[in-house]
Amino acid sequence: MEGIYDDLILGNGADGLYSTDPRKSNVNNNTLVISSSGGGKTKSVVEPNILYSQNRSMVVTMTKRRLINQYSLVLKERGYDVKLMDLVHPELSDVGYDPMVHAMTESDLKMLSQNIISCTGDNAEKDRYWQNSSASLFRAFAKLAIHKFGRRARMKDVQYLLRFIDEEQSEYVDEDTGNVSVSEYCPKEDFERLKRIDPRMYEDWQQYYANADGTRNNIRCIMQTALNTLFTDGLQVMMNKASQIDFKDLARQKTVLFILTSPVNPALHPFATLVLGTMFKELFEYGEEFPDGQIPVPLMVFCDDFATGGRIPDFQYHISIFREKGISVMMLVQSLSQLSFMYGKDAASTIIDNTDNVVYLGGNDPDTAREIGRRNNKPEDEVLSLPVGREYLFRRGQKPLELQRYRIYEDPLYKQLFTEKGIIKRNVGALR
């Protein structure tokens, strides 16, 4: 295992600084940062790690355009390939993401269809029938698009075909006048025509079509709601870009992908989680191409608002093998209760069990305070009254620490690069 590894900065001073080199550390680099809204998660933990990144690739989801503008030039000067996926103003994106471009196999299509529904829907057991039926219906039309348009089929093609989902036949004869009306398209006829070529696709279609009208309507509404939520008109602009993201670039050379979402438009967050779910799957598979199973360039993923924007598909399973693939994740949440609400109690426990670093910056959630106190052998009221500017740091294999938070504005490198207002200085090129 070769390469130079950046440090992991979790607090002020030497006690908050750790190597991410797996040859020097027997713990993973996954980190959970807990603080109430506005509690300093970004400036105390995320920013220092971006500021000192020299060798690892990064994916950074955030709602602060200022920080993306601030660090992009610095990282470019260090030799990073900087890419922007702007979900707020998609026309400003450097790269696009159309999930159909990444659905290369039958398994990919099955996963995509399930992820589209789960990113926006309720995963309660009582709704599982409707979710599975909606996913099967989408999968049928996605495969139909590939049959009609080839491997160049995009999400816009799938959505085009879905416009005609209720067409029963391509020609209609008016019994009174005898006039013939011709529909623009009739998917039912194509499904019938292709049933011997692709019987599984036909089965997915029949699973929907054989139902009573009311059941079909419910299935169709669930699927269309998910599609309309994820693939808004604005995001279609970014999805249709000629330059599509290649996630393997993150593993081949040091690259940073900024994904900009909105603090006031949570409807954008599920799309970001769909991007991350696809990325993890593709990088896991890419890592398998190397003798040690790891991607060549280590990757750290920063997830702002981790527990408010929708579930990253299968994240509780992904996180358990991040370390062996050379991947780590930093998750920012407001409370442990928030994490459990979003992912469910069991999945949240799995995520925490596979996170060897926890940084608590304070908050008002009593359930979180009790758990932090239990870990730290402190009463709940003492945890709730943690002074602003202090933090509790938990790292597997060592005793809990109470530290000063990292003071980004007092950092010498930060002062060299930026003015007090965070505006980049003109001589950044001399500071590589």
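Six of the six residues of strand β8 (residues 255-260) are buried, so the strand is largely enclosed by the rest of the structure. Buried means under 20% relative accessible area, exposed means over 50%, and partly exposed lies in between (1.4 Å probe, protein chains only). Helices (H or I, at least four residues) and strands (E, at least two) are DSSP runs, numbered from the N terminus.

This is a predicted model: local features need pLDDT of at least 70, side-chain atom pairs count only at pLDDT 80 or more, and totals for chains, interfaces and linings use all residues. Residues are numbered from 1 along each chain as its sequence is written, and side-chain values use heavy atoms, with hydrogens and water left out.

**Confidence**

- The average pLDDT of the protein is 90, and 91% of the residues score at least 70. pLDDT is the predictor's confidence in each residue, from 0 to 100.
- Residues 427-432 have a pLDDT below 50. Beyond near neighbours in sequence, this stretch has 10 contacts in the model. A contact means heavy atoms within 4.5 Å.
- Where pLDDT is low, the predicted coordinates should not be read in detail.

- Strand β4 (residues 57-62) pairs with β8 in the parallel sense, over five bridges. Two strands pair if DSSP finds at least two bridges between them. Here Thr-61 stands opposite Ile-259 in β8.
- Strand β5 (residues 81-86) also runs parallel to β8, joined by six bridges. Val-82 stands opposite Val-256 in β8.

**Helix α5**

- Helix α5 (residues 155-162) is mostly covered, with six of its eight residues buried.
- Those buried residues are Met-155, Asp-157, Val-158, Gln-159, Leu-161 and Leu-162.

**Aromatic rings**

- The whole structure holds 24 aromatic pairs. Rings of Phe, Tyr and Trp (its six-membered ring) pair if their centres lie within 6.5 Å; planes under 30 degrees apart count as stacked, over 60 as edge-to-face and the rest as tilted.
- Tyr-129 is partly exposed at 44% relative accessible area. Trp-130 is also partly exposed, at 25%.
- Phe-231 and Phe-271 have ring centres 6.2 Å apart and planes at 85 degrees, so this pair is edge-to-face. The pair links distant parts of the chain, 40 residues apart. Phe-231 is in the loop between α8 (213-230) and α9 (233-239), and Phe-271 is in helix α11 (residues 269-287). Both residues are buried.
- One aromatic cluster is formed by Phe-280, Phe-284, Phe-306, Phe-315, Phe-322 and Tyr-343.

**Charges over rings**

- The charged end of Arg-375 sits over the ring of Phe-394, 5.9 Å from its centre. A charge sits over a ring if NZ of Lys or CZ of Arg is within 6 Å of the ring centre and within 35 degrees of the ring normal.
- Arg-395 places its charged end over the ring of Tyr-18, 4.0 Å from the centre.

**Salt bridges**

- A search of the whole structure gives 27 salt bridges. A salt bridge is a side-chain nitrogen of Lys or Arg within 4 Å of a carboxyl oxygen of Asp or Glu.
- Asp-304 and Lys-64 form a salt bridge (3.9 Å, N to O). Asp-304 lies in the loop between β9 (299-303) and α12 (315-318) and Lys-64 in the loop between β4 and α2 (65-77), so the pair ties together parts 240 residues apart in sequence. Asp-304 is buried at 15% relative accessible area, whereas Lys-64 is partly exposed at 32%.
- Glu-106 and Lys-143 form a salt bridge (2.6 Å, N to O). Glu-106 lies in helix α3 (residues 106-120) and Lys-143 in helix α4 (residues 128-149), so the pair ties together parts 37 residues apart in sequence. Glu-106 is partly exposed at 30% relative accessibility, whereas Lys-143 is buried at 8%.
- Glu-106, Lys-143 and Asp-198 are linked in a network of salt bridges.
- Asp-108 and Lys-281 form a salt bridge (2.5 Å, N to O). Asp-108 lies in helix α3 and Lys-281 in helix α11, so the pair ties together parts 173 residues apart in sequence. Both Asp-108 and Lys-281 are buried.
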